[in-house]
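Here are a few quick notes from my look at this one. Have the view open as you read.

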Amino acid sequence: MTEPRVTTLTDRIDRLFQVVRRPNGEQHSHEEVARACRESTGESFSAAYLWQLRTGRRDNPTKRHLEALAAFFQVPPAYFFDDEQGRALAEEVELLGALRNTAVRNLALRAVTLSEEGLGTVSDIVEAIKRREAMRDQGE
């Protein structure tokens with residue numbers, strides 16, 4: 001798992017979109033998230049506005065908008081407001097995103113009963129595959 005480097009509001013919102021995905025692995029659309037935020041706050045919240053927040057073109061959302069985003073992505077509102085807690089929550093969001101992937105979750109559940117030595121072997125295999133895929137991706 002890569003270390004999350006979430007520092008700005010834009011980074012934090014974008015990270016939620018990248019990591020917290022639909023069950024099929026696709027990212028949530030701006031329209032889907034904006035609609036849920038409109039429904040939860042009763043306030044104006046468009047897909048274009050959300051895109052502006054996500055890309056840094058707008059950077060001063062209301063507290064209610066951030067609370068609605070937090071509710072949609074199932075993170076505490078402090079994710080957006082508190083730098084220290086935001087970093088800790090970013091790591092949890094990364095883990096949450098990984099565990100929402102059925103294949104990752106199934107692998108993790110199967111690995112629970114392995115010995116420390118077995119877990120080390122699985123970890124070595126995963127690292128070897130990651131290196132191989134990285135080399136393949138660089139060659140493309």
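1. Leu-95 is partly exposed because its relative accessibility is 41% (buried is under 20% relative accessible area, exposed over 50%, partly exposed in between, with a 1.4 Å probe and protein chains only). Before going on: this is a predicted model, where local features need pLDDT of at least 70, side-chain atom pairs count only at pLDDT 80 or more, and totals for chains, interfaces and linings use all residues. Numbering starts from 1 along each chain as its sequence is written, and side-chain values use heavy atoms, leaving out hydrogens and water.

2. Leu-95 sits in helix H6 (residues 83-99); helices are DSSP runs (H or I) of at least four residues, numbered from the N terminus. Together with Leu-99 and Val-104, Leu-95 makes a nonpolar surface patch of about 220 Å². Such patches take residues with over 30% relative accessible area and no salt bridge, joining nonpolar side chains within 5 Å; a salt bridge is a Lys or Arg side-chain nitrogen within 4 Å of an Asp or Glu carboxyl oxygen. Areas are Shrake-Rupley, with a 1.4 Å probe.

3. Now Leu-50, in helix H3 (residues 47-55): buried, at 0% relative accessible area. Leaving aside residues up to four places away in sequence, Leu-50 touches Ile-13, Phe-17, His-30, Val-33, Ala-34, Phe-45 and Leu-69 (contact is heavy atoms within 4.5 Å).

4. How do H2 and H3 pack? Helix H2 (residues 30-41) meets H3 at about 110°, axes 8 Å apart, so the two are roughly perpendicular (65 to 115 degrees). Axes are lines fitted to C-alpha atoms over the stretch in contact, and angles run from 0 to 180 degrees between N-to-C directions. On the H3 side, Leu-50 is one of the residues involved, and on the H2 side, His-30 is one.

Conventions: Patch = residues over 30% accessible without salt bridge, like charges linked within 9 Å, V, L, I, M, F, W, Y side chains within 5 Å. Parallel < 35°, antiparallel > 145°, perpendicular 65-115°, else oblique.
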